[in-house]
Amino acid sequence: MKLLIIEDEVKTAEYLKKGFGEQGCAVDVAFNGIDGQHFALVHDYDAIVLDAMLPGLDGFAVLGALRKVKQTPVIMLTARDRVEDRVRGLHAGADDYLVKPFSFLELLARLYALQRRGRCQERANLSIADLQIDLIARKAWRGGTRIDLTAKEFALLAALARREGEILSKTTIAELVWDMNFDSNTNVVEVAVKRLRTKIDTTFSPKLLHTIRGMGYVMEQREAETVS
Ligand code: CA
């Protein structure tokens, strides 16, 4: 997940950056509204954590400018005694809000919830070559042949297919598919990828799930690849 944090309190911003970094997220930080708005408009983030009270340009102004062009999910951080800020934020297009002080785990959970919601609205079906995935019914086919997948295998397939052409590290995959108690010292991801590959690639061509040594895995159709 690629995140932007717009927060003028350096300590809070650093704490969030560290926390999300440990979760395998890529995090950009802006310490004022002007930089924040610039980053938000120029780059594509999976979500933005936006403080309401910022020097220069406040969070509502940043959100207003952003919503004219983009629907990046936004969680606003508001002060406990400012109920009107929450209402104003939601009206301005914030997807969720958290009242300061908040727990990092709650922020993380809400961000993942936003991701899930966003992705559902995005597309109900995915296809790569002759692989078809129905994200609502949670079913997959290759060349019209139904592929029998466990819930975890389907989640892994969906995570990779949604990011077609994007190399996902094991850490990222673990974050996307497993819960926060996932033990990164195990080879669970490798084993799961191997099982998924057996089901979706072994008896089909072209191969779609590729290992990128030292980096992770990518799902894509490679035009130049010779079919064996
Ligand atoms: Ca602030």
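**Exercise 1. Aromatic rings**

The structure holds two aromatic pairs. Your task: find out what kind of pair Y15 and F104 make.

Before you start, note that this is a predicted model, in which local features need pLDDT of at least 70, side-chain atom pairs count only at pLDDT 80 or more, and totals for chains, interfaces and linings use all residues. Residues are numbered from 1 along each chain as its sequence is written, and side-chain values use heavy atoms, with hydrogens and water left out.

Solution, step by step:

- Step 1. Recall the rule: rings of Phe, Tyr and Trp (its six-membered ring) pair if their centres lie within 6.5 Å; planes under 30 degrees apart count as stacked, over 60 as edge-to-face and the rest as tilted.
- Step 2. Apply the rule: the ring centres of Y15 and F104 are 6.2 Å apart and the planes stand at 70°, so this pair is edge-to-face.
- Step 3. Place the residues: Y15 belongs to helix 1 (residues 10-22) and F104 to helix 5, so the pair ties together parts 89 residues apart in sequence. Helices here are DSSP runs of H or I with at least four residues, strands are runs of E with at least two, and both are numbered from the N terminus.
- Step 4. Check the cover. Buried means under 20% relative accessible area, exposed over 50%, and partly exposed in between (1.4 Å probe, protein chains only). Y15 has 46% and counts as partly exposed, while F104 has 11% and counts as buried.

**Exercise 2. Salt bridges**

Which residue forms a salt bridge with D96, and which one with R195?

Solution, step by step:

- Step 1. Start with the rule: a salt bridge is a side-chain nitrogen of Lys or Arg within 4 Å of a carboxyl oxygen of Asp or Glu. By this rule the count comes to twelve salt bridges.
- Step 2. For D96 the partner is R110, with the closest N and O atoms 2.9 Å apart. D96 lies in strand 5 (residues 96-100) and R110 in helix 5 (residues 104-122), so their pair ties together parts that are 14 residues apart in sequence. D96 is buried at 14% relative accessibility, whereas R110 is partly exposed at 25%.
- Step 3. For R195 the partner is E153, and here the closest N and O atoms are 3.1 Å apart. This pair links distant parts of the chain, with R195 in helix 8 (residues 188-200) and E153 in helix 6 (residues 151-162), 42 residues apart. R195 is partly exposed at 42%, but E153 is buried at 3%.
- Step 4. Look at one more pair: R222 and E220 form a salt bridge, with the closest N and O atoms 3.0 Å apart. R222 is partly exposed at 30%, and E220 is partly exposed at 21%.
- Step 5. Now follow shared partners: salt bridges join E7, E9, D51 and K100 into one network.

**Exercise 3. The calcium ion**

Which residues are the protein donors of the calcium ion?

Solution, step by step:

- Step 1. Use the cut-off: donors are N, O and S atoms within 2.8 Å of the metal (3.2 Å for Na, K and Ca); water is not among the atoms, so sites may look incomplete.
- Step 2. List the donors: D8 (OD), D51 (OD) and M53 (O) lie 2.1 to 2.3 Å from the ion.
- Step 3. Read their spacing along the sequence: D-x42-D-x1-M.
- Step 4. Compare the cover: is D51 buried or exposed? At 3% relative accessibility, D51 is buried, while M53 is partly exposed at 47%.

**Exercise 4. Backbone details**

Solution, step by step:

- Step 1. A cis peptide bond joins K100 and P101, with omega about -5°. P101 lies in the loop between strand 5 and helix 5.
- Step 2. Another cis peptide bond joins S205 and P206, with omega about 0°. P206 sits in the loop between helix 8 and strand 10 (209-212).
- Step 3. A129 is not a glycine, yet its phi is positive, about 50°. You will find A129 in the loop between strand 6 (125-128) and strand 7 (131-134), where A129 is partly exposed at 36%.
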